[in-house]
Amino acid sequence: MLRSPRKQKLTVRCFSSSRIRASGTVSVEVTPELGSDEKVSNSTSILACPICYALLIRNAEMGSTAQCLTCKKSYSKNEVFHDLTIVSGAKTYGEVKPLSTELFRSSLVSFLYERGWRQSFIWGGFPGPDKELDMAQTYLEPTGSGILVDASCGSGLFARRFAKTEMYSRVIAMDFSENMLRQCYEFMEQDALPKEKLTLVRADISRLPFPSNSIDAVHAGAALHCWPSPSTAVAEICRVLRPGGVFVATTFVLDGIPVVPPVLKASRQYLAQISSTHYFFARELEDLCETCGLVDFKSVRNRTFIMLSAKKPS
């Protein structure tokens, strides 16, 4: 709670991090810097500050800008997405991400992703989006009616499908690429998918903008191998999952390639440095999940394709 000589009590609608499925009315105290006549119109519910993880609120006089009352930092929202990266709003400071991250921020790759790029994964054993969705749903079924985050959603290939199932009370499409999120928005309009069905958020996978124990399920389709630090990302996913929450992901595995694995194992460090892509062996993924606090690891494989699931302990 913020402390100052003079405080105002404002009533906002927000989600409790301990009982995330039920919304409630709570009182929060704000400092005079916000202005005595300002009113909080509503909260951003589950969205939180990526610095301190406090829930964000939206002020009526700030338009689409959301604010963290703890850090006093504001986060913008344009017509497409909430920008909840740590450097949101920076004027001159910028960060260069690894090649695998910057590649997907380009407008060309974002445009091509659902126009041939993702379809090419069939060569590695990926069964295709519709089949992958059905497979994921078998693992995600216990989390139905909760909140699902599609991490590194790309152009929303799966986020849109999850939203259409109406299985979840809320679906959040999250990616670091601004252009991928714009593509997702365009596809939503083409599909006539109502905006309230899908919330688009720009965020860093290593600093998820959600409170701890607040998310029912996290899905990451063909993304884990592109994350700069898979261990940091999976640990963050474990943090935001509620007890019993489920993580489902697909990626490529080296031991599905019909070549000599020891050669790949010896050379993958150098390959990763060049391409900024992580190359996994199947057994490493189970170890990764367990190391980051997840349990009940399951997986299904087809050549280089693997779908895995793991849970946060209840």
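Mentor: The chain has 8 helices and 14 strands. Keep in mind that this is a predicted model.

Trainee: What share of the residues counts as buried?

Mentor: Of 314 residues, 52% are buried. The accessible surface is about 14700 Å², and carbon and sulfur atoms hold 54% of that. Look at contacts too. Among those with a separation of 6 or more, 66% join residues 24 or more positions apart.

Trainee: Now a single helix. How do I read its sides?

Mentor: Start with the general idea. An α-helix has 3.6 residues a turn, so residues three or four places apart point the same way. Then turn to α8, residues 282-291.

Trainee: Which residues of α8 are buried?

Mentor: Ala282, Leu285, Leu288 and Cys289. They sit on the same side of α8, because they cover an arc of only 110° around the axis.

Trainee: Which exposed residues are on the face turned away from that buried side?

Mentor: Arg283 and Thr291.

Trainee: What covers the buried residues of α8?

Mentor: The cover includes helix α6 (230-240) and the strands β12 (241-252), β13 (295-302) and β14 (305-311). After α8 comes Gly293, with a positive phi near 100°.

Trainee: You named α6. How many of its residues are buried?

Mentor: In α6, 8 of 11 residues are buried, so read this helix as mostly covered.

Trainee: Which ones are they?

Mentor: Pro230, Ala233, Val234, Glu236, Ile237, Cys238, Arg239 and Val240. Note that Glu236 and Arg239 are in that list. The buried residues of α6 pack against β11 (215-220), β12 and α8.

Trainee: Where is Tyr53?

Mentor: In the loop between β3 (40-48) and β4 (55-59). Tyr53 counts as buried, because its relative accessibility is 18% and the cut-off is under 20%.

Trainee: Which loop holds Glu166?

Mentor: The loop between α4 (159-165) and β9 (170-175). Glu166 also has a positive phi, near 55°, and is not a glycine.

Trainee: Is Glu166 buried or exposed?

Mentor: Exposed, because its relative accessibility is 56% and exposed means over 50%.

Trainee: Last topic: empty space. How is that found?

Mentor: Rolling a probe the size of a water molecule over the atoms shows where empty space is left. Take the cavities here. The search of the whole structure finds 1 cavity of 30 Å³ or more. The largest cavity has a volume of about 30 Å³.

Trainee: Which residues line the largest cavity?

Mentor: Leu56, Arg58, Ser64, Ala66, Tyr75, Ser76, Lys77, His82 and Leu84. By class, that lining has 4 nonpolar, 3 polar and 2 charged residues.

Trainee: And how much space lies in the largest pocket?

Mentor: About 730 Å³. The pocket has 42 lining residues. Nearest its centre lie Phe104, Ala222, Ala223, His225 and Cys226.

Trainee: Which element gives the most to the lining of the largest pocket?

Mentor: Helix α1, with 3 residues. α1 (99-103), α2 (107-117) and β9 each supply at least two.

Trainee: How many residues of each class line the largest pocket?

Mentor: The lining has 25 nonpolar, 11 polar and 6 charged residues.

Definitions and conventions
Residues are numbered from 1 along each chain as its sequence is written. This is a predicted model: local features need pLDDT of at least 70, side-chain atom pairs count only at pLDDT 80 or more; totals for chains, interfaces and linings use all residues. Side-chain values use heavy atoms; hydrogens and water are left out. Buried means under 20% relative accessible area, exposed over 50%, partly exposed in between (1.4 Å probe, protein chains only). Helices (H or I, at least four residues) and strands (E, at least two) are DSSP runs, numbered from the N terminus. The arc is that of the directions from the helix axis to the C-beta atoms. Contact means heavy atoms within 4.5 Å. Accessible areas come from the Shrake-Rupley method with a 1.4 Å probe; for residues, only the protein chains shown count as cover. On a 1 Å grid over the protein atoms alone, a cavity is a set of points where a 1.4 Å probe fits but cannot get out, and a pocket is an open set with protein on both sides within 12 Å along at least five of seven lines; lining residues have an atom within 4 Å of a point. Grid points are joined across faces, edges and corners, and a volume is the space filled by probe spheres set on the points. Ala, Val, Leu, Ile, Met, Phe, Trp, Tyr, Cys and Pro count as nonpolar, Asp, Glu, Lys and Arg as charged, and the others, Gly among them, as polar.
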